[in-house]
Amino acid sequence: MEFAKRMEQFGEGVFSRLAEMRKERVAAGKNVIDLSIGAPNIPPAKRIMEAMAKAVMDPANYVYAISDRKAMLDAVARWYQRRYNVTLDPDTEICSLLGSQDGLAHIALSILDPGDIMMVPDPCYPIFADGPRIAGAELYYMPQKKEHDYVIQLGDIPEEVARKAKFMLVSYPNNPTAAMAPIEFYKELVAFAKKYDIIVLHDNAYSELVFDGREWGSFLELPGAKEVGVEFNSLSKTYGLAGARIGYCLGNSKVVGMLKTLKSNMDYGMFLPIQAAAIEAISGDQSIVAETRAAYERRRDVLCDGLIEAGWQMDKPPGTMFVWAPIPASYEYSEAFVKDLLDKTGVLVTPGSAFGPSGEGYVRMALVQSEEDMQRAVDEVKKSGIFA
Ligand SMILES: Cc1ncc(COP(=O)(O)O)c(C=O)c1O
């Protein structure tokens, strides 16, 4: 059998190695506190599950959805108006995604030809780079460095690259660095995209997970943003609907239209009961959003305050469900530190190298366990003396 060359870039990834390490430890009868994969574990509000359950019992809802229901598109438009003060045309400026991962994996196919340049942050959530790779694009990494608070320096992008690039992706609050970017960055981004005729994709998966009373909005609020690009949003974290797979591509009608056309040839749309759950999630009582935010914030406090007390110097994240922390100076590679940390404490985290070249020297911890488990992780790290 012969397989596609493109598969060669997807060798055994870090996440499979982490899964193997986890399996071995569990097989040896030892405990694991898994902070490696960012799988949200806060369930949706009852009203959302009830809306889905009701729709599931309707036999008419088992046809191919083919396209987004008008009621859902209208609800999404109302949500963006209410929450972000952004006006969207439901017919041309919104497209559902089977989770934003679906959009991130495929959108480059509708914009880039093989050899075209796509600019992605470094470090980044892996599909940001894998999507364009699948499309055969060339990647230009935009570093996100500690000395710039992990904000991309658009002025450092070589003129020649900017002229050639067709598409760029940015995302704050950021996975994995947990950084947020100032409004000035976004103004510069719109001007940059206009100057070089680059399509912008802003991934806003963590728009609601910002802490300490901070506020966050939408890229599309900026004047001119809709002329240059689109935003992805997701109900996975905000509404605890990760497994239901619900996301949206919103903004520029040409970009949205191309993605719709591509997707109409790839899938038959979102299961109708999931569309019903989405409508309920974004239209009903929004107190669940604040509760979810508060839960992640408490987990962050338990983990970060405890680990800092244990001697691990790190920044407390302003948002997201991640903590981005430097490895001790005695380690050269993040993967070696991750192995040692697991051996000595049972705490499993993700090496920064999994997120791109600039991620080396860091690890990412996901706030996906209860406060009690976060406290247990802290206790284990303290007991191990690894940072003493
Ligand atoms: C930055 C970012 N974008 C997108 C996703 C994918 O989310 P979804 O569940 O909507 O596919 C994730 C998931 O962790 C993420 O961290």
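A salt bridge here is a side-chain nitrogen of Lys or Arg within 4 Å of a carboxyl oxygen of Asp or Glu. Arg300 and Asp212 form such a salt bridge, with their closest N and O atoms 2.8 Å apart. The model is predicted.

- The contact draws 29 residues from domain 1 and 32 residues from domain 2.
- About 2,700 Å² is buried between domain 1 and domain 2. Carbon and sulfur atoms give 62% of that area.
- There are 3 salt bridges between domain 1 and domain 2.
- Polar contacts across the interface of domain 1 and domain 2 come to 9 residue pairs, both residues at pLDDT 80 or more.

- Helix H11 (287-309), strand E9 (322-326) and strand E12 (362-366) each give at least two residues to the side of domain 1 that touches domain 2.
- H11 provides the largest share of that side, with 7 residues.
- By class, the side of domain 1 that touches domain 2 holds 15 nonpolar, 8 polar and 6 charged residues.

**The sheet with E9 and E12**

- An open sheet is built from 3 strands in the order E9-E12-E11, with antiparallel pairing.
- E9 and strand E11 (350-351) are the edge strands, each with a single partner strand, so one side of each has no neighbour in the sheet.
- E9 and E12 run antiparallel and are joined by 5 bridges.
- Trp324 has Arg364, in E12, as its bridge partner.

**Backbone features in loops**

- The peptide bond from Asp122 to Pro123 is cis, with omega near 0°. Pro123 sits in the loop between strand E3 (117-122) and helix H5 (126-134).
- The peptide bond from Asn175 to Pro176 is also cis, with omega near 15°. Pro176 belongs to the loop between strand E5 (167-170) and helix H7 (183-196).
- Asp197 is not a glycine, yet its phi is positive, at about 55°. The loop that holds Asp197 runs between H7 and strand E6 (199-203).

How values were computed:
Residues numbered from 1 in each chain as written. Predicted model: local features only at pLDDT ≥ 70, side-chain atom pairs only at ≥ 80, totals over all residues. Heavy atoms only, no water. Contact = heavy atoms within 4.5 Å. Buried area = accessible area lost by both parts, 1.4 Å probe. Polar contact = N/O pair within 3.5 Å; in protein donor to acceptor, adjacent residues only side chain to side chain. Helix = DSSP H or I, 4+ residues; strand = E, 2+ residues; numbered from the N terminus. Nonpolar A, V, L, I, M, F, W, Y, C, P; charged D, E, K, R; others polar. Pairing = 2+ DSSP bridges.
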